[in-house]
Amino acid sequence: MGLLAFLKTQFAVHLLIGFVFVVSGLVINSVQLCTLVLWPVSKQLYRRLNCRLAYSLWSQLVMLLEWWSCTECTLFTDQATVDTFGKEHAVIILNHNFEIDFLCGWTMCERFGVLGSSKVLAKRELLYVPLIGWTWYFLEIVFCKRKWEEDRDTVIKGLESLADYPEHMWFLLYCEGTRFTEKKHRVSMEVAASKGLPVLKYHLLPRTKGFTTAVQCLRGTVTAVYDVTLNFRGNKNPSLLGILYGKKYEADMCVRRFPLEEIPLDEKEAAQWLHKLYQEKDALQEIYNQKGVFPGQQFKPARRPWTLLNFLFWATLLLSPLFSFVLGVFASGSPILILTFLGFVGAASFGVRRLIGVTEIEKGSSYGNQEFKKKE
């Protein structure tokens, strides 16, 4: 085992990475708070600044995937589709099967220059998660309670406000609503059977309201829908902790582009279009499980140095004073000061672990079980 491979397994190193992410995130959130004064003066300047501030935070997580774990991401698509990446507003539909599916989506956003301006339809609980939810708030992310009667006006207003967004954005939708588990899949297919919809083998029944509303509200802004089907070679089930330990994964993404004019204007027809899309995604997963690859030409977009340089900037800025402070604490010889510091380290370890826990499948919501509970 080389020195770098050894360091990747050490908890102290993980704690330092977490320290840089958390403290830089708090600094970034503070600067974002200050930018609110720009909103009445120049909304577009406020948006451009916050895109770059968000990039400085999110790119640290992308750095872990690209440079720390050296995970490879391969696209299966065509040249014409690749040529549009980063050059248009688009809605992204991604399957929600893995703990790091969002991170694979982000690394593609980064490589095509839209990481800072990427958007998502997020559950409202995430708004209160430090760093993640706070940064999203300043980015005008659309939050929802996932109760359509309560969400409708909020979601429509949030989507319509993005119509004049100054940077090319990718709006991510997890149409399944929650991460795939066997229990949720069983419940979802019971609902599908009760509604006369085809059974899916690898996906949950898609929730159509968010998709149809997003398409309706963003017409004239968004020019295409990208359907992305993700899987990992070797039947791996990666985790954010695995990435932190430097485990290398190989992600494959099948990307299909649909011009927005191909999606029906009628809400019911658009919902049927989405159900058909998920049947096709299921077929793509079946092909992948049988052949180990998706159909289409393979592309490996090169990773860019900016995520690594951004992390090194924050690490240099924050770790130097931290090491000086730690040396001062232990040099003081004060038991109270040393114990207080160790208590702070323990609390920081707990906080970092809780942030990682947000991504874990077993910590996911019970959203997919709602219909089952109603039936019981």
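In this predicted model, arginine 47 is found in helix H3, which covers residues 43-68. Its relative accessible area is 1%, and because the limit for a buried residue is under 20%, arginine 47 counts as buried. Setting aside neighbours within four places in sequence, the contacts of arginine 47 are Trp39, Glu140, Ser161, Leu162, Asp164, Tyr165 and Pro166.

One of these contacts, Trp39, leads on to the aromatic residues. The model has 17 aromatic pairs. In one of them, the ring centres of tryptophan 39 and tyrosine 46 lie 5.2 Å apart; the planes meet at 85 degrees, so this pair is edge-to-face. The two partners can be described in turn. Tryptophan 39 is partly exposed, with a relative accessibility of 36%, whereas tyrosine 46 is buried at 3%.

Another edge-to-face pair is formed by phenylalanine 76 and phenylalanine 294, with 5.9 Å from centre to centre and 75 degrees between the planes. Phenylalanine 76 belongs to strand E1 (residues 72-77), while phenylalanine 294 sits in the loop between helix H11 (267-291) and strand E8 (297-299); the pair therefore ties together parts that are 218 residues apart in sequence. Phenylalanine 76 is buried, with 1% relative accessibility, and phenylalanine 294 is buried as well, at 3%.

Aromatic residues also come together in a group: Trp58, Phe102, Trp106 and Trp136 make up one aromatic cluster. Elsewhere, lysine side chains are placed over aromatic rings. Lysine 8 lies over the face of tryptophan 68, 5.7 Å from the centre of the ring. In a second case, lysine 281 is positioned over the face of tyrosine 278, and here the distance to the ring centre is 5.6 Å.

The structure contains one cavity of 30 Å³ or more, and the volume of the largest cavity is about 40 Å³.

Two loop residues complete the picture. Threonine 221 is located in the loop between helix H9 (208-218) and strand E6 (224-232). With a relative accessible area of 10%, threonine 221 is buried. Apart from residues up to four places away in sequence, threonine 221 touches His89, Leu162, Ala163 and Met169. Leucine 127 is buried, with a relative accessibility of 14%. Not counting residues up to four places away in sequence, leucine 127 touches Gly133, Trp134, Tyr137 and Phe143. Of these, phenylalanine 143 is 16 residues from leucine 127 in sequence, and the C-alpha atoms of the two residues are 7.4 Å apart in space.

How values were computed:
Residues are numbered from 1 along each chain as its sequence is written. This is a predicted model: local features need pLDDT of at least 70, side-chain atom pairs count only at pLDDT 80 or more; totals for chains, interfaces and linings use all residues. Side-chain values use heavy atoms; hydrogens and water are left out. Helices (H or I, at least four residues) and strands (E, at least two) are DSSP runs, numbered from the N terminus. Buried means under 20% relative accessible area, exposed over 50%, partly exposed in between (1.4 Å probe, protein chains only). Contact means heavy atoms within 4.5 Å. Rings of Phe, Tyr and Trp (its six-membered ring) pair if their centres lie within 6.5 Å; planes under 30 degrees apart count as stacked, over 60 as edge-to-face and the rest as tilted. A charge sits over a ring if NZ of Lys or CZ of Arg is within 6 Å of the ring centre and within 35 degrees of the ring normal. On a 1 Å grid over the protein atoms alone, a cavity is a set of points where a 1.4 Å probe fits but cannot get out, and a pocket is an open set with protein on both sides within 12 Å along at least five of seven lines; lining residues have an atom within 4 Å of a point. Grid points are joined across faces, edges and corners, and a volume is the space filled by probe spheres set on the points.
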